Structure formats: structure tokens, C-alpha cells
Amino acid sequence: MAQREWVEKDFYKELGVPSGAGEKEIKTAYRKLASELHPDRNPDNPTAAERFKAVSEAYSVLSDSEKRKEYDETRRLFAGGGFGRRFNGGGGFGGGNFDRFSTGGDGNEFNLNDLFGAAGQTGGANIGDLFGGLFGRGAQQRPSRPRRGNDLETEAELSFLEAAKGVETVVPLTSAAPCTNCHGSGARPGTSPRVCASCNGSGAISSNQGAFGFSEPCTDCRGSGSIIEHPCTECSGTGRASRTRNIKVRIPPGIEDGKRIRLAGQGEAGLRGAPSGDLYVNIRVRKDKLFDREGDDLKVTMPVSFSELALGATLSVPTLDGKVGVRVPKGTADGKILRVRGRGVPKRDGGNGDLLVTVKVAVPPNLDGAAQAALEAYAAAEQAGGFDPRAGWAGNRS
């Protein structure tokens, strides 16, 4: 998204958060809205689709610390009439013509595009270029660059095992994509856009008034630098059309819930063959009934009997790749964690975490006559041997 558009958009309002919101608050607000507005949940609701796009645009800026800093500085610069100037049509961002603003009481105006480059360009707000244009260095125009597409976001929901072992999945995405008829050029097949003769392809017309230089978008090509004499009938000359694509996403092993994957060039298509934006896939991992994780360690709770803990045993414990034998030492306490090296979740830098097995005694709800008699005999022998499970438990309290 061009920085020029930042002046006119309130991304904090789109997400429903205050301007001082932290990273976690912004992420939580985005996830809630994205879940409610996702096209899969609102297949026949164009309003929801537009809101989803706007929310994704807002999050793509506010979730990036550098972009957010630049966005905040840009809005601070203009919100109060930066550099002592005022916007025509009213103050603030509530309305009015943001393309031009006044330099003071002499009635002179210059184009807001001077701050951000010629209309239709992407790129940064170069304040040096602004002052160069004001004081006589604005006659030389930079060539017009096509407008890059916006970055987009979507979600991929994975099972615990898919996230741990890695998987290739497909996510559907409805967005502006290159027109298949003109291949993104905007011109009817068999024809090509021509360079605008009025601005010589720069997209802007320059003029000088004394010591000041001014530039305005070329009215013939509307700032694009080229003219399409025979527009494509499928996309009306924009070079893009809305369609649903199935995008393959390779999920690396060991990815965690909340992480996101960047797919370069898979976002919204740019105008007239301009580069596409990027697609960010947010990862959601479903809870597993058996496994949990702690960093790169795999955790599992294993039911055991009292006799297995008291006498020792070898347990067959499930892992991500089959089962493994885990030895329980004689006299192991209930709730103890046994560590098995290298049988956990794959690490990003190679190798695996560990398997953490928590042993938990399972008490039989009913005992038959023989089992009850044997247990009563054991209890008597245990008492005769002087074993007290609560010895020292309450200290000296009576």
C-alpha cells in the first residue's frame, strides 16, 4: 500500500483498537475480526469481503514495527496540518480534498502527491523530494512506477501432528489476480499500452512559478505514465480481476500456533502488470487429545498402575513416529516426568526436542474379591513394615 493512502485511512479504527495498543492487543483484535469476516464464512456477502480486505490491510501495517512507526509518523505529520499548512475541505481526516493543500494565506496550493511521488506510485514519503520540488528542483520528474498490489492475509488450520511433522496444504484465496485475458497488461490481446506523450511516461506534469516548482498528476494518463487505447474487455483496462485461487503452502516441521508464513508475490495483483503484493498465512494449530508441547519438547501423560511404579516396568509410549519403550525405575513417584532424548518436535536448526512422559497412577474403580484380598494383605504388610505415606507431611502440627 502506498504511503499516500495512509493519510486517508485509520488502521487503528479498522481493528477497533486505540493508537497505543500493544502487539498482542492488535493481533487478538485482528484474529477475531478475520475469523468473523473471512470469505469462507461469508461467501455471498460483498460487504464482509471488503471489510476482511480492509482489516487485513490494517494488520499488515500495524503488525510490522517499522511500517507502524512510519505510518504513525506520516499521520502525525498531516493530522494537525504539518509544516504549518492546512488541508482544503476541512481539518483532520474526516473529509475534504486530500490531493491539494494550501501553503498559507496567499492562496497558493500544491499537490499532496508531491510528498509521496507521482500518483499511482508506491514507495516512501521522501521529504527531501518535497523541499526540492518547492524550491526549484521539482522540474525533473522520476519515471512513473506501476502500483504494487496490497499484501493480504489468510489462515491455515492444522492438526497437531501436521504442525509437528510438516505438511503441504492448500488455502483458498479470493482476491484481485492478474487478468487471464490480457495477462495483466490491461490492453486488449494483440495490442499494447503506449507511453503518454503529455508527460513522457513520468505520470506527472511540472510547472514553475517563480522560485517554486509544482507537479500534478498528468490528466491524460491519470498519473500512470501510459495510455491504453484498446482496454481489455475482461478487466476494463485494470489488468486484474477478482477470482478464487487455491494456493499451495508448505508448512515446515515444528511450526507453532500463531506463527505466519510469507508467500512472496501471492497477494493482491498490481495494476496493469505491476508486481503483486505478498500473502501472509497465519497458522492455527488444533489441540491434540494425546500430545502437547513445550517449545520443541513433546509432552504426553501416561496412565500407570501402582504396581508398575512400585516394582518398575517398561512402558510402550506413543511418539510422533510410532511407539518407544520407556523404562520406569522401581519406586518411581506418581507425577514424575521421564525424559526421552531426541523424540520430541523437529527443531528449525535441525535435530529434535525431547519427549517428556508424565506418569499418572490410575486407580481401579472396582476390585474383585481376589484383588481386594491381595491389596488388603499388602496394606497390612506395608503398615507392619513401618511405611507411612504421610510421614512428615503436616510437620509438627497436631
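The model is predicted, and residues are numbered from 1 along each chain as its sequence is written. Local features need pLDDT of at least 70, side-chain atom pairs count only at pLDDT 80 or more, totals for chains, interfaces and linings use all residues, and side-chain values use heavy atoms, with hydrogens and water left out.

Strands (DSSP runs of E, at least two residues, numbered from the N terminus) are said to pair if DSSP finds at least two bridges between them. Three strands form an open sheet in the order 4-12-11, with mixed pairing. Strand 4 and strand 11 (260-263) are its edge strands, each pairing on one side only. On average, neighbouring strands of this sheet are turned by 25° against each other, direction ignored; such angles use axes that are lines fitted to C-alpha atoms, and run from 0 to 180 degrees between N-to-C directions. Seven bridges link strand 4 with strand 12 (residues 279-285) in the parallel sense, and alanine 156 stands opposite isoleucine 283 in strand 12.

Asparagine 150 sits in the loop between helix 7 (127-137) and strand 4 (152-158); helices are DSSP runs of H or I, at least four residues. Asparagine 150 counts as buried because its relative accessibility is 4%, where buried means under 20% relative accessible area, exposed over 50% and partly exposed in between (1.4 Å probe, protein chains only). Its side chain makes polar contacts with the side chains of glutamate 57, at 2.8 Å, and glutamate 268, at 3.0 Å. A polar contact is a pair of N or O atoms within 3.5 Å; within protein, one must be able to donate a hydrogen and the other to accept it, and residues adjacent in sequence count only if both atoms are side-chain atoms.

Strand 13 (residues 291-294) and strand 14 (residues 297-304) run antiparallel, joined by four bridges, and glutamate 294 stands opposite aspartate 297 in strand 14. Two residues lie between the strands of this hairpin, and glycine 295 in the turn has a positive phi of about 65°. Strand 14 is also joined to strand 18 (residues 355-361), in parallel, by seven bridges; here leucine 298 stands opposite leucine 355.

Finally, threonine 28 belongs to helix 3 (residues 23-37). Threonine 28 counts as partly exposed because its relative accessibility is 49%.
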